[in-house]
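Here is my note on the structure you sent, written as numbered points so that each can be checked against the model in turn.

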Amino acid sequence: MKRIIEICANSAQSCVEAEAGGAKRVELCAGIPEGGTTPSYGEIKTAREITSTIDINVIIRPRGGDFLYTPAEVQSMLADIEICKQLQVHGVVFGCLTKEGDIDIPLMRKLIDAAKPLSVTCHRAFDVCRDPFAALEQLIELGCDRILTSGQQPDAVKGIPLIAELVKRAGDRIIIMPGCGVRENNIVRIERETGAKEFHTSARSVVYSKMEYRNENVPMGSSAVTSEFETVETDRRKVESLVS
């Protein structure tokens, strides 16, 4: 089976680059420094309009931080899911936990039902749940299509033992997709040692501003790479190397 690459895309342009590099799918996100938050309507709509073949999954996460959501946050998640259905994306990505660290089954079921017929991925909320094996069975029962996981470790290489066990237990009932720290120099090892077939990676490079006039003394936030005149974007060449 050919390796499937999903790119964590931080913009519509990154979706274009991911498609050009041969990725099968993107997870479209805003707020990358927070671990990914829901992108704007305009970003999702533009990504759909300027790509042609790549599957677009949209993260449904109203804020950074934990995965215990208030009624107001749930309302916004449901509204964002409806927008994604209207824009006819391929899928949505979310994860909800109880305060005890278990999968919030009633809320997950509510969101999954609202998302139908879109594909559903449970994101790395899974990596901070209390019992990954119980969560695996619950997510299968709920009807999720895949789980994005670093094996409950800071990166997927450290998480190889758990990921391998999850792949074994999941069989063909759900897709286990390693993510976080998946790079050109370790994807073959992760693939070989876990048995996974789908992989989630950023494949980004720094993009330098074309601004000629620059005031370097006024920061707009704390998330710049090294200055306000650098951003990051998916790099199609990195995607190509991961796909092959």
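1. The side chains of Glu193 and Arg189 come together in a salt bridge, with a separation of 3.2 Å from N to O. This is a predicted model, and every value in this note should be read with that in mind. The two residues are 4 apart in helix H7, which covers residues 187-194, so they are separated by about one helical turn. Glu193 counts as partly exposed because its relative accessibility is 37%, and Arg189, with a relative accessible area of 38%, is partly exposed as well. Elsewhere, salt bridges that share partners join Glu6, Arg25, Arg146 and Glu198 into one network.

2. How many salt bridges does a search of the whole structure find? The search gives 18, and the pairs discussed in this note are among them.

3. Another salt bridge is formed by Arg173 and Glu137, whose closest N and O atoms are 2.9 Å apart. This pair links distant parts of the chain, since Arg173 sits in the loop between helix H6 (160-170) and strand E7 (175-178), while Glu137 belongs to helix H5 (residues 132-142), and the two are 36 residues apart. Are these residues buried, partly exposed or exposed? Arg173 has a relative accessibility of 41% and therefore counts as partly exposed, and Glu137 is partly exposed too, with a relative accessible area of 36%.

4. Arg63 and Asp66 also meet through their side chains in a salt bridge, at 3.0 Å from N to O. Arg63 counts as partly exposed at 22% relative accessibility, a value to be read against the cut-off by which a residue is called buried when under 20%. Asp66 is likewise partly exposed, its relative accessible area being 44%.

5. Turning to the open spaces in the model, the largest pocket has a volume of about 500 Å³. It is lined by 22 residues, of which Cys8, Gly35, Arg124, Cys180 and His200 are the closest to its centre.

6. Tyr208 lies in strand E9, which runs over residues 204-208, and Tyr208 counts as exposed because its relative accessibility is 55%, where exposed means over 50%.

7. Gly42, in helix H2 (residues 41-50), is 30 residues from Ala12 in sequence, and their C-alpha atoms are 9.3 Å apart. Gly42 has a relative accessibility of 36% and so counts as partly exposed.

How values were computed: Residues are numbered from 1 along each chain as its sequence is written. This is a predicted model: local features need pLDDT of at least 70, side-chain atom pairs count only at pLDDT 80 or more; totals for chains, interfaces and linings use all residues. Side-chain values use heavy atoms; hydrogens and water are left out. On a 1 Å grid over the protein atoms alone, a cavity is a set of points where a 1.4 Å probe fits but cannot get out, and a pocket is an open set with protein on both sides within 12 Å along at least five of seven lines; lining residues have an atom within 4 Å of a point. Grid points are joined across faces, edges and corners, and a volume is the space filled by probe spheres set on the points. Buried means under 20% relative accessible area, exposed over 50%, partly exposed in between (1.4 Å probe, protein chains only). A salt bridge is a side-chain nitrogen of Lys or Arg within 4 Å of a carboxyl oxygen of Asp or Glu.
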